Amino acid sequence: MSENGQVVVITGASRGIGFGIAKRFKEGGAKLALLATCVDPLREWSKDMRSDILLIECNITRKKEVFAARDQVLAHFGKIDVLVNNAGIFGPSVPVEQVEEDIWRQVLDVNLTGAFFCTQAFGSEMLDHGGSIINVSSIAGVVPTPFRGAYSSSKAGIMMLTQQTALEWGPRKVRTNAVCPGLIETDMTAQFYNVPGVREDREALVPMGRIGLPEDIAKVVCFLASPDAEYMNGEFLRVDGGFTITPSLKLY
């Protein structure tokens, strides 16, 4: 769990893995700044915790909005201890030759450029007094996924951004690590897993025999933000139930 009283910034926090991470940090006593393009889904959950939870509508692909959000967090909480770069989109499932330019740019903008802007804005506020950045990548950043050329490329970019930041900011007391979720059931993927036969096929590829949940990722993220992980920097942790070590891996 996180240290009690940590100020944690989470992007893409309104649903799925981001919301799971937010709930886990709150259980540990953290104060939360939750960013999303629409924060309405969070209002009911957070209504009785307003002093400890700040909701900010922010398009992370727009640098000015990200830095304005940073200023709001500092004005409200006075500090930033943890940044979780979680926001991301899949884009359409098509072969590389069919990826349209606007789709390529949109996926890279949200998944990689947005994380870079947030790292600059929020991460730089931790320099020298200490902090932790956790980037949510994907097993698609480790193993290429058929028909997800833009997504896989963006998540591989997140891996290098993690190492670059770890290298440059480690000496200044900011650790940067990444988690690589495997097959996770969220609002965004539920429709896919509800197709007859799909869930069973995917579960058969996971040595642990089940599809992951947002809580599985949240536990690892909170660990990476905690003092228990104080000597981890530049690391990638696969949280996939062993999916990527399955012989004859089939992703499609």
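Helices α1 and α8 sit oblique to each other, oblique being what is left once angles under 35 degrees (roughly parallel), over 145 (roughly antiparallel) and 65 to 115 (roughly perpendicular) are set aside. The model is predicted, with local features needing pLDDT of at least 70, side-chain atom pairs counting only at pLDDT 80 or more, and totals for chains, interfaces and linings using all residues. Residues are numbered from 1 along each chain as its sequence is written, and side-chain values use heavy atoms, leaving out hydrogens and water.

Helix α1 (residues 16-27) packs against α8 (residues 214-225) at about 55°, their axes 8 Å apart. Axes here are lines fitted to C-alpha atoms, for helices over the stretch in contact, with angles from 0 to 180 degrees between N-to-C directions. Helices (H or I, at least four residues) and strands (E, at least two) are DSSP runs, numbered from the N terminus.

As for the sheet, seven strands make it up, open and parallel in pairing, in the order β3-β2-β1-β4-β5-β6-β7; strands pair if DSSP finds at least two bridges between them. At the edges are β3 (53-57) and β7 (236-239), each pairing on one side only.

Strand β6 (residues 174-181) is largely enclosed by the rest of the structure, because eight of its eight residues are buried (under 20% relative accessible area, 1.4 Å probe, protein chains only). Val174, Thr176, Ala178 and Cys180 cover one side, with Arg175, Asn177, Val179 and Pro181 on the other. Its parallel partner β5 (residues 131-136) is joined to β6 by six bridges, and Asn135 stands opposite Ala178 in β6.

Conventions: Buried < 20%, exposed > 50% of the residue type's maximum accessible area, 1.4 Å probe, protein only.
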